[in-house]
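Subject: Structure handover

Hello,

Here is the structure I promised to pass on. Please open it alongside this email.

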Amino acid sequence: MATPALSVEQQIKLLEDARTLVLNDANYYQQILQGILPIIDPVGRAEPQRSEAGKVELRRWGADFLAETFASPSVQAQQKETLCLIILEMLKTMIENPSEDNAVIKSVVQTAASIYPLVFRWIINNSYDTSTWERMQAIKTRILRIWDTAAAGVRMCCIKFAQRVVLAQTVGPDADPRRGDPMEVNLGMVPLNHPLLTPRNLEAEASGLLDRMLSIFQESISDAVLVDATLNSLSILIRTRPQVANRILNVILNFNPLKQANSPMTPKLRVMVKSMEKTTRLLLVDVNKRDPQNPLAGRIQQYVERMMRSRNEIFDEASRKRGPPEPTNGLDAAKRQKLGGPVPAPVPKFHVPPLAPGPHTIAQLFTVTTDEGLKAFDVSLLNEDLVVKIGISILQKLNADTLKQAVGGIRQRYDSLKAVQLEVLNPATAPLGIEEDDDEYEPDFYGAEDTEQILNKLDSAPSIVEKVIEAPDMAPTSFVLPPPPAMTTEEVAQIGQGTVTRVFGVMQTLEEPAKKTKAGLNRLAASSCDRDDWITIITRLATRSVAGLEELDGNIKPEVNSVVPASLSNTIRESLHLYVLEDFRKRIDIAVAWLCEEWYNDKVQMKLGEEAVLHYERWVVKVLDGILPYLDGRDKVLTRFLSEIPSLSLEVLGRVKALCRDPAMVNLALTSLLYLVMMRPPVREVALDAVEDIWDTYDDAKPIAAKYLTKWRPGFAERLKEGGEEKKTNGVAVPV
Amino acid sequence: MAQIQSKGANGTAPGGQRTDEGGFKLKFCTVCASNNNRSMESHLRLAAANYPVISFGTGSLVRLPGPSITQPNVYQFNKTSYDSMYKELDAKDHRLYTANGILNMLGRNRDVKWGPERWQDWRVGVPRLEHAKDQGSQGVEGGVVDVVITCEERCWDAVVDDLFNRGSPLNRPVHVINVDIKDNHEEALVGGRGILDLADSLNKAAAEERNLSPTAFDSGHTASRANFDERVPEIIGEWQERWPSLPAVWTLAWF
């Protein structure tokens, strides 16, 4: 017999290297898969001389790799859709081989479950591909045939496969790509006139498969592996396919996982019954948690509670095992009696109640009576002689055992106090879990869970109830949450800044209103939650919130260039300023709205008191300074800005004048000023002064400036003529 | 205090390192609340026995005991390394955290892997190649396991519930077994031994199934007797007899 070129171990080592490559980078799957398929070929064409066991090893590896590949969340669904087409034939060969290895079959069925929806989707969109659909149908038929006869490991995977088929072949929620999985596959996506897929037949098949899945709950003897496998795969069906949810739940509610719990129970049966009961309960609890309003909620609740009770009855003695062994400290009267040879006359049991948790006085430690009246009696009131007499006569009559019991009781009290301290000190047994972790664990959601927890605690509690060992002084006293530490101004400013940033975030996400509706004068500001409203809110927050509370530097009213205190308002202003400049052409209306608010607020402040801090002027100049360097010769934005802001100062006009230093901007500057001259009579004179200044200063601007001045400034033409003659002598021609 | 510490948990116990005999290995995952004490003790034990193993916590945060019961030390999952916790607590109060065994525990953990991971954030099936330095990482590169062992019933509940929520997209079966262990160093040691025994028993059965001569199969009939998945309840039942103080619960769930 010829030895194969590579031993199985070597071959698998190479395959593992290839696997590492694709695990690192999913993009290689196409190539690697193509290369691997011949090696793991079920017919073993690549190495016909290899031993049967070696071939099985390779097929196991291959099937496992396929299952992993098509389950992997790091491979895109679209990529899987193309990849799955090339492996169908191999899957079909493997699963149709009656003597195929179980592990291989198990992986093949898993792979089939993963690719079924992908192939289904492919066929929906590529109705010509009959051969692919036939292969998939053949695989499905074979899986459904071995479902009842295969080994349990394979059968549970058949159940999962059926679940996938049901999921694909029932109508799901409307395919909305914005919500949920873009690769969601369901019956609703199949067009009615599809040549290969007939929705009615597919739905009937799914319905039959679901019935077959659920039939496991009606069998008289349940195999826990299969019951659990079914229960654990039903959750997604109940959740995403509401039309079958009730059918599933009704079957489960008629299922009794404890029916096999008749004595005597083998350890195996105990594990199985417990498992089915717990899994059923968890699934139902999850259904109710997800949708407390579901029509079956009441029945589910009853079922869960009933299961809890039956389970506790059945496993009662089992759970008792958990209690720590009884203390054998030799003080237990019952045990001592057994040990002593001749049985003495029964001694009345003397009970010393254990100490309650918390600090105690010495007197409390030695007080053994439970009579409240006696406890209150102060012995020190008695005469010393009398006490001695009483003491002696009692000791004479007292039964020695009773005394021993009393002493023992006191000793136990001592021990328990000591134990409290010891427990704190033992690192090996000190509890590590800080059991406050209730965030996602909702014990009070379900009465049932609560009961269970209590039972669990009781199970693990010491069986002798009297022995109370508690950490000292843990009783809840009236607890007042201390007020949070005072925040510093900086912190406040920081948090304020955070809020402001968020508002700007909101503004940026809100679309610009498609068309503005005129709301009229009597409208309420900021009442429709669009972007404009947020702007109104933020500008008013900036201008009005702390107006009048600001400190003045000395007594200078309009503080122009002094350092601005970092108040909330100024932070907002700064943010607004930046926001406007980010896209000033679109946001110029925001700038105007904001500056109007500033101007208005300045006026109000001035009316209220002399010593107001004024902001308008400062921010107009700042905004203008921000815009000017980026202006384009044809921008209308400057004209608009200048004409819309509520007041114009010489400083603003100065900036506009300065614009003319750039010959390309002359026209823009002058047009803007002309607009002011024409449309805003109150500033006409000031604007004309500016134009004249420009005429005076910038040679490039002279022709246009002169034209405007001639038109708007009476007497300018004459002056120009006079000047013109002078200038002509200088050789500069000025056309009028 | 010193003598208690010497008896105390982790580093001092011999690692129980086994020589690797190769062969088939089930992949394990251990889970507790904070991925610090119980799950890490058993993670180390299973790794030392050459099993592929990863571990997680199901809590919302990593909580370690602090100076009092109301002042736990709280850390973020996946963001804080065992090493940084060690250094922080060592600097905070060396005596206290030595005496309660926390430093000892963290010292052990930082040799096992980088930091605590949260179960709910685990993306099942995403390759874990970047965890190559973790102990027990060999064999779990694919990011899936065959058996999940939780150390507390509510962790088991959290795991099963979380698997419901994920909707079982991978179609891969997983045995989820709870082994109830009290959360202290001493019990974690005992529990770790119990879990290793359970892992050995399960792996033995799984390996037996795979070693059967393939020609013996006749599509299930004779094979079903030796099927691993089917034998799991029996194996757990037998194990429970050996470990009556560690009550177990089991289910077969899906990734």
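Below is what was found in it, starting with the interface.

This is a predicted model, in which local features need pLDDT of at least 70, side-chain atom pairs count only at pLDDT 80 or more, and totals for chains, interfaces and linings use all residues. Residues are numbered from 1 along each chain as its sequence is written, chains are lettered from A and ligands numbered from 1 in the order in which they are written, and side-chain values use heavy atoms, with hydrogens and water left out.

**The interface**

Chain A brings 77 residues to the contact and chain B brings 75. Contact here means heavy atoms within 4.5 Å. About 6500 Å² is buried between chain A and chain B, and carbon and sulfur atoms give 57% of that area. Buried area is the accessible area (1.4 Å probe) that two parts lose on being put together, summed over both.

Between chain A and chain B, 21 residue pairs are in polar contact, both at pLDDT 80 or more. A polar contact is a pair of N or O atoms within 3.5 Å; within protein, one must be able to donate a hydrogen and the other to accept it, and residues adjacent in sequence count only if both atoms are side-chain atoms.

Helix 11 (267–290) of chain A is one of the helices that supply at least two residues to the side touching chain B. Helix 11 gives the most to that side, with 13 residues. Helices are DSSP runs (H or I, at least four residues), numbered from the N terminus. The side of chain A that touches chain B has 32 nonpolar, 19 polar and 26 charged residues. Ala, Val, Leu, Ile, Met, Phe, Trp, Tyr, Cys and Pro count as nonpolar, Asp, Glu, Lys and Arg as charged, and the others, Gly among them, as polar.

**Salt bridges**

The structure holds 47 salt bridges over all chains. The rule asks for a side-chain nitrogen of Lys or Arg within 4 Å of a carboxyl oxygen of Asp or Glu. Four salt bridges cross the interface of chain A and chain B. B:Glu153 and A:Lys278 form a salt bridge (2.8 Å, N to O). A:Glu277 and A:Arg281 form another (2.6 Å, N to O). Both A:Glu277 and A:Arg281 lie in helix 11 of chain A, four residues apart, about one turn of the helix.

Best wishes
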